[in-house]
Structure formats: structure tokens, C-alpha cells
Amino acid sequence: MKLNTFEKFIVNNPVRFWVQNHIEMPRLMSMFARPPQTPSSVLEIGCGFGNGVELIRRHLNPAHITAVDFDDEMVYATQKRFKGSDEILIQQADAEQLPFEDEQFDMVFEFAVFHHIPNWQQAVVEVNRVLKPRGYFVIEDLYRKAICNPLANVFFEHPQTNRFDHQELKAQLLHSGFEIIEDKQLYNFSGRILARKVG
Ligand SMILES: C[S@@+](CC[C@H](N)C(=O)[O-])C[C@H]1O[C@@H](n2cnc3c(N)ncnc32)[C@H](O)[C@@H]1O
């Protein structure tokens, strides 16, 4: 589901980037017991305006980064940002139907995306399919409590049915062939999970 104008403003401003750079990404990377080996191929789902791609490049320096977004506006903005970077491919795609071969990626990231996806369970299945065995899935997301309430609904547009909380997201990951390496949640408003494809 595409973001409304207000949420586009929220995800494309210096405050959001500062939080993602200085709080969110370091916390996600701290879930690895040891720094992960340089992966050859990383996928980001729902790349927005491309700050996550920059963070993946800075923290992991993979040989190839692929990033997808449902919204053409985000895709064009991120393509423009990384024009000339041969190791980075940005394309339009729906996380429920990823246009990639099985077992193609070493790692997949999603920064605050699944809460926008109507059939997020199918997106979990798709991530499992495109990951290599023992590949990592790095997740940060917002839960039902954060997005299904009258205040959030004044400002944002999110699907209101089939949403999830931390335990439900973990249960779906286990059901779809992942093991949970590490997870943290904040009052069931948001959480982060490091999962690995069972291989
Ligand atoms: C809240 S924004 C987060 C953007 C970016 N990851 C960030 O952290 O700033 C959610 C993003 O997910 C994208 N999105 C929503 N549904 C999607 C889907 N089914 N497949 C791929 N991307 C999707 C939106 O277009 C948007 O760019």
C-alpha cells in the first residue's frame, strides 16, 4: 500500500534519516553476535527514498544491492540517488510477488514496510524463497497497536485488517522456515527481529 502525503514527508526528511542512521541501523546490526561477513548480494524491500540502501552499503559493503519498492515515485527517487553505482539495482516490485529467482540473496532487509503490506504473510514466504539457506532476514517494523488506533488514522493510511504484533510476526517467521536469532520489542508498538532461513 502506498504512503499518503504526510507519511511520505515523514520518511523523507533529515529527522527520519538521523534516527535511522544513528539509532535504528546500529541497533539492528547489534543483533548479530559477530559482525556478518561481507555478503555478496543483499535485497532491501520497500526502500523508500533510498536511505536504507546507503546504510546497507556503509555497514556491509556488499558486492550487489538490490532494492525494490511498490511505489514508482520511491523507485525513481532512489534510482536517481544511486545513478552511476553499478553495484546497486533499484526496481519496482511488490513484496508479495518478488521478481527474483529462488535462493538468490545472502541477506534481506525491511525497514518499516510489512505494516503496509496487506498479505504480509505472503511477503514472509517470498523473502524465505529468495534467501539462500542460512541467509539473514533483518526486520524492523510497526505493530497493530501503533497503526490501528484513532490518532494514527488521522495522519496515516495503513491497512487496518490482518495486522500483527511481535509474537504473531515471529510465529509467521517460524512457520515459513526461519529461526529467530534475536528479537526485541517496544511495548508491542514496534520491534526488530534478526531471523535466519533454516538451511
Ligand atoms: C514507511 S515506508 C518505509 C520506507 C523506508 N524503508 C524507510 O525506512 O524510510 C514503507 C515503504 O514500503 C513501500 N511498500 C509498501 N507496500 C509495499 C509492497 N507491497 N511491496 C514493496 N514495497 C512496499 C512503500 O512504498 C514505502 O516506500
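**Stop 1: the core**

Select Phe 137. Leaving out residues up to four places away in sequence, Phe 137 touches Val 108, Val 127, Leu 131, Phe 178 and Ala 195. Touching, or contact, means that the C-beta atoms, placed from the backbone, lie within 7 Å.

Before you go on, note that this is a predicted model: local features need pLDDT of at least 70, side-chain atom pairs count only at pLDDT 80 or more, and totals for chains, interfaces and linings use all residues. Residues are numbered from 1 along each chain as its sequence is written.

With Phe 137, they have the most contacts inside the largest nonpolar core, which has 42 residues. Such a core is a set of buried Ala, Val, Leu, Ile, Met, Phe, Trp, Tyr and Cys residues joined through C-beta atoms within 7 Å. A residue is buried if 20 or more other C-beta atoms lie within 10 Å of its own, exposed if 12 or fewer, and partly exposed in between; the C-beta atoms are placed from the backbone.

**Stop 2: helix H8**

Select residues 166–175, helix H8. Helices (H or I, at least four residues) and strands (E, at least two) are DSSP runs, numbered from the N terminus. Which residues of H8 are buried? They are His 166, Leu 169 and Leu 173. Seen down the axis of H8, these buried residues fall within an arc of 70°, so they line one face of the helix. The arc is that of the directions from the helix axis to the C-beta atoms. An α-helix has 3.6 residues a turn, so residues three or four places apart point the same way.

Show what covers the buried residues of H8: helix H5 (120–130) and strands E5 (131–142), E6 (178–186) and E7 (190–197) are included.

**Stop 3: the loop between E6 and E7**

Pick Tyr 187 in this loop. Its phi is near 50°, a positive value in a residue other than glycine. Is Tyr 187 buried or exposed? Tyr 187 is exposed, because 10 other C-beta atoms lie within 10 Å. Asn 188 is in the loop too, with a positive phi near 60°. Asn 188 is partly exposed, with 13 other C-beta atoms within 10 Å.

**Stop 4: helix H1**

Finish at Thr 5, in helix H1 (residues 5–11). Thr 5 is exposed, with 8 other C-beta atoms within 10 Å. Select Phe 155 as well: the two C-alpha atoms are separated by 9.4 Å, although the residues are 150 apart along the chain.

Key: Two residues are in contact if their C-beta atoms, placed from the backbone, lie within 7 Å.
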